[in-house]
Amino acid sequence: MTVKGTITIAGSRDVERETARSLFEQHLSPALSQGRRWLLATGRGIDHWAMEWLLEHGERCWGVVAYTRLRQPRWVQPWLDELDRVIELDLPKRKTASMIRNRHMVDLSDVVYGFWIGRGGDVTRTLKYAIRQRRETHAIPIGGPVGEA
């Protein structure tokens, strides 16, 4: 079930704040102020920096958590309060929970942006899933040549 006007952001945990913000300015700015809804996981790195950047721009952000809001790390709790909505999937604790969450985010979205550092992992799997689901998909490399962070 796609929710019209929704964009998912997925990305690496291993990215500095200023690098992330520069990438957002370059790649996400054109989508600001269009009444879109942004879906974000709530981890460190791209998720956290995107949440901060989008909220500064007054965008509507939904957080999607694999478990429950109360089972999220303490550092993210104040950020969850700033979001328009938190979707709690309440999945069983297992290795695949983050990928199930990412697929759910893709299923709700028209557009998917993946900010990746050139290695395999959840971002690569999420982008491949988005392509299979025929979503508009953008793979944005972080850093220099692929694999260089």
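Predicted model: local features only at pLDDT ≥ 70, side-chain atom pairs only at ≥ 80, totals over all residues.
Biologist: How many aromatic pairs does the structure hold?

Modeller: Three. Rings of Phe, Tyr and Trp (its six-membered ring) pair if their centres lie within 6.5 Å.

Biologist: What makes the pair of Phe24 and Phe115 edge-to-face?

Modeller: The centres are 5.4 Å apart and the planes make 85°. Planes over 60 degrees apart count as edge-to-face, under 30 as stacked, and the rest as tilted. So 85° gives edge-to-face.

Biologist: Which parts does this pair tie together?

Modeller: Phe24 lies in helix α1 (residues 17-27) and Phe115 in strand β5 (residues 111-116), so the pair ties together parts that are 91 residues apart in sequence. Helices (H or I, at least four residues) and strands (E, at least two) are DSSP runs, numbered from the N terminus.

Biologist: Why is Phe115 called buried?

Modeller: Its relative accessible area is 0%. Buried means under 20%, exposed over 50%, and partly exposed in between (1.4 Å probe, protein chains only). Phe24 is buried as well, with 0%.

Biologist: Why is the pair of Tyr113 and Phe115 called stacked?

Modeller: The ring centres are 6.4 Å apart and the planes are at 15°, so the pair is stacked. Tyr113 counts as buried, at 9% relative accessibility. Ring pairs link Phe24, Trp53, Tyr113 and Phe115 into a cluster.

Biologist: How do you know that Arg37 lies over the face of Trp62?

Modeller: Arg37 is 4.5 Å from the ring centre. A charge sits over a ring if NZ of Lys or CZ of Arg is within 6 Å of the ring centre and within 35 degrees of the ring normal. Arg85 also lies over the face of Trp62, at 4.6 Å from the ring centre.

Biologist: What makes α1 oblique to α2?

Modeller: α1 and helix α2 (residues 46-56) pack at about 55°, with axes 10 Å apart. That makes α1 oblique to α2. Angles under 35 degrees count as roughly parallel, over 145 as roughly antiparallel, 65 to 115 as roughly perpendicular and the rest as oblique. Axes are lines fitted to C-alpha atoms, for helices over the stretch in contact, and angles run from 0 to 180 degrees between N-to-C directions.

Biologist: Which residues does Asn102 contact, leaving aside neighbours within four places in sequence?

Modeller: Asp122 and Thr126. Contact means heavy atoms within 4.5 Å. Asn102 lies in helix α4 (residues 97-108). Asn102 is buried, with a relative accessible area of 7%. α4 packs with helix α5 (residues 122-132) at about 35°, with axes 10 Å apart.

Biologist: Are Ser33 and Arg134 buried or exposed?

Modeller: Ser33 is exposed, with a relative accessible area of 68%. Arg134 is exposed too, with 76%.

Notes:
Residues numbered from 1 in each chain as written. Heavy atoms only, no water.
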